[in-house]
Every structure is written in structure tokens, then in C-alpha cells.
Amino acid sequence: MQTADFLIVGGGIAGVSAAARLAPHGRTVLLEAESNFGYHSSGRSATYYHFGIGKSVVRGMTAFSRAHFETPGADGTALSRRSAALFIAPPDMVAGLDALETEMRPYSDELERLDADAVRDIVPVLRCGADGIIAAVLDRAARRLDSEALQQDYRAAIKRAGGQSIAGARIVAVSRDGANWVATTAAGDRFSAPILINAAGAWCDEIARLAGVAPLGLQPLRRTIIVFDAPPDQETGDWPFTKTAIDDFYMLPESGRLLACPVDEVPSDPTDAQPEEYDIALAAAKTEHYTSLTVRRISHSWAGLRTFTPDRIPVAGFAPDAEGFFWLAGQGGYGLQTAPAMAAATETLVTGNSWPAGLADWGVAQADLAVERLRIGGMPA
Ligand SMILES: Cc1cc2nc3c(=O)[nH]c(=O)nc-3n(C[C@H](O)[C@H](O)[C@H](O)COP(=O)(O)OP(=O)(O)OC[C@H]3O[C@@H](n4cnc5c(N)ncnc54)[C@H](O)[C@@H]3O)c2cc1C
């Protein structure tokens, strides 16, 4: 049996970022089921940092996280780059655009309202005017994240602090041994620590059940992305992340190609999500609805799970019903852009320090992320 101070189950962005913050405080062991870290949701995202998503707690955590993304990693690698986000509205979404602009304004001082002509200047293929897009908000404070660089930088930090990241370690049993949690892998290896951080993404409720802890009622939702050739006569590299003001469609450039998403949310069990024909076709159809592009050949597509709590706000906090069991779950569609904030909250709560002033300044309180808000009489709400 290997002993530690902190066991972290799950080697996605949530697990590695929390482990990097905890490793300087004690022996830290990160356990990932797959042979590659970031194989599930964290390796399948659109890798954007923007304020057009989530409730105010999510926007506050996103704003807090900006400094981390703007600072190069320990080896000098950039973790992100500036890349604008454009929120577009046809006539029936203008009220939604107004509301979104109001919600985003406290978090970005680089918002600009655009008319159809200005939108056409930025992304010439968007269908603008008349029944098309008539208004937009451009946010120049958005960023493109490098999820691979983030993963590597966090894992290097774990190693520097003497922690361990172990791949191919699927936890199949969690039990109590006195004051410790004992996690057993499929291969029969056992790890023990007084604090277990449940960062297993779509599988967080499953890990809780293994441990005899009440689940939160997490819901994984599948989302699909298609990749297709950019028009040969257009320079697309500078195009912003372009998203409808009300969730319906987004598109972004990627190495001479375009990525498009039908903003699908299909309930799923925790699984190795695969794209379905219907959602692939929907992504192509919506691309052709919002733009003048014809999607001739889809070079590839993928799907991933976005896992939500019932109120769509992530959870970082100790389980009220199980000593030393820490939930780091429900990162939904914003787990990359909020990871530094969630990790800072985790470090504070696990080590008993006072709540980070930076999070409080952005209006994020401990109670906002606590498990208790989801419980009625000790059961998931
Ligand atoms: C299509 C798509 C687009 C997205 N776009 C964005 C975006 O632009 N910006 C953004 O911020 N977020 C985005 N997201 C959301 C983001 O990807 C997730 O919120 C984030 O990756 C969740 O991280 P995680 O570490 O909680 O989960 P995961 O990355 O899924 O990690 C959980 C890990 O736990 C492991 N695990 C599970 N069970 C066990 C076990 N029994 N033992 C050991 N390990 C186990 C899994 O193998 C997995 O690696 C997007 C998601 C999708 C699918």
C-alpha cells in the first residue's frame, strides 16, 4: 500500500490543476484510469476562454483564471494567446445579445458592439443583414487556450514538488481504513490518504458510489465538433471564436481548417463519447445556415462530455457526509477556463487557508461552490 496526504482521482484538467496546487503542501498522488492524461473531456474541448457562457460565479472564476493563462508555463511555453470572441445575433436573438452584453460587461473592458457591416468585415462568410445577423458583440479579451501545454505544465509542477502522476490506474474500489481512504486500482494496487479528491469528470458520481458517498446528481451531456476545410480564397486564421448569442452554433479556425459545433447537449452515461451521425449532420447544416460556406468534406469529428451539476455551477468542497472526501466536479462547458480558480479554491479548502481574496473580489464565495447548496435533507436536490 502506498500512502500519501492527498489522493486525486482523475487526470483531466481538474485533477492535474488541483494536484499541482496541493503537491507543495504534502505527498500527492494523482491517479488516472487511461494510459493518456486528458484523454476524455479535457482533450476534446474547443479550448476557449470567454465570458459568453455560464452564470456569474463561472464568469468570476474565468476572470480570476486569466492571470494564470497569460503567464507562460515554467519552461516558457505560452499557455494561451489572445483571440477574440464574437457573439452574433439574428433578429430573434437581439434581446439575448443585449442580456449577454450586460452580463459580460463587469468581466471584460474590451467589449465592442458591432453592426452587420462590421461583422461582415471580420468574418466575411457570415450571413449578415435582412434575415441574417444584424448585431454582434466582439470581446477582444477572449483567449485561445493550449490544453496540452496546460496539462504538461501542471504535471511538471506536480513532479517538481515531489508528487506523482500515475496513468493506467483505474480506481475500482474505495474504502475506509481508520482515518484514511483507500483507493484500489483494477491491477490491485492500493493507495491510501486521509483526503481523497474526486476529480473524475463524468465519473464523479460513480467514484462517490464506490466510496459510499451520496452522489450529486451529475449529468454528462455529449457535445460534437466537426472539422472541415476552410474556403481556399479566405484567410481564416484571424477569425474569432464565433458563437450565436443564444446557444445554437459556434465556429472557430484551427490550422487552416474550421471547427463547427451545433451546441448539442445530449444526455449520456459516463463513457468514451463518440460523435453520432445526426449531430455531425446538424453541425454541417448549422454551418450552412449561419454562413455562406458549403461543408463538402468533414475531415474528422469528435464528441466529448460536459458534466453539469443540477444548478450548472461547479462544485469544489468537502462532502458533508464523508470526512476527507472532496468533490471537484461539474465543470460543465467551462472546465478549462475555470481550472486555475477551481484549483485555488481546492488548495484553500483542503489546507484550511482563508478564501482567496482574488476569488472574493470577483464575487465568488466558498458557499457558491459548496456541496451543501445542492442538498435538500442530505440528498441531491
Ligand atoms: C466539445 C466540448 C467543447 C468544450 N469547450 C470548452 C471550452 O472552449 N472552454 C472550456 O473551458 N471548457 C470547454 N469544455 C469543457 C471542458 O472540456 C471540461 O469542463 C473539462 O475538460 C472537465 O475536466 P475534468 O478534469 O473534470 O474531466 P475529464 O477531462 O473528463 O477528466 C476526468 C478524468 O477522470 C478519469 N477517471 C474516471 N474514472 C476514473 C477512475 N475510476 N479511476 C481513475 N481515473 C478515472 C477519466 O479517465 C478522465 O481522464 C468543452 C467540452 C467539450 C466536450
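This is a predicted model: local features need pLDDT of at least 70, side-chain atom pairs count only at pLDDT 80 or more; totals for chains, interfaces and linings use all residues.
Contact here means heavy atoms within 4.5 Å. Residues are numbered from 1 along each chain as its sequence is written, and side-chain values use heavy atoms, with hydrogens and water left out.

**Around S80**

- S80 sits in strand 5 (residues 80-82); strands (E, at least two residues) and helices (H or I, at least four) are DSSP runs, numbered from the N terminus.
- S80 counts as buried because its relative accessibility is 10%, with buried meaning under 20% relative accessible area, exposed over 50% and partly exposed in between (1.4 Å probe, protein chains only).
- The side chains of S80 and R143 make a polar contact of 2.7 Å; that term covers a pair of N or O atoms within 3.5 Å, and within protein one must be able to donate a hydrogen and the other to accept it, while residues adjacent in sequence count only if both atoms are side-chain atoms.
- The S80 side chain also gets to the backbone oxygen of F69, at 2.8 Å.

**Helix 5**

- At its start, a side-chain oxygen of D146 comes to within 3.3 Å of the backbone nitrogen of E148.
- Its buried residues are S147, A149, L150, Q151, D153, Y154, A157 and I158.
- Cover for those buried residues includes helix 1 (13-22), helix 2 (56-70) and helix 8 (339-351), plus strand 3 (28-31), strand 9 (143-145) and strand 10 (164-166).
- After helix 5 comes G162, with a positive phi near 90°.

**The ligand**

- The ligand has 39 residues around it, the closest being E32, S42, Y48, G332 and Q337; a residue qualifies if one of its heavy atoms lies within 4 Å.
- One backbone N or O atom of Y48 is 2.8 Å from a ligand oxygen, and a polar backbone atom of G332 is 2.8 Å from an oxygen atom of the ligand.
- Strand 20 provides the largest share of the shell, three residues.
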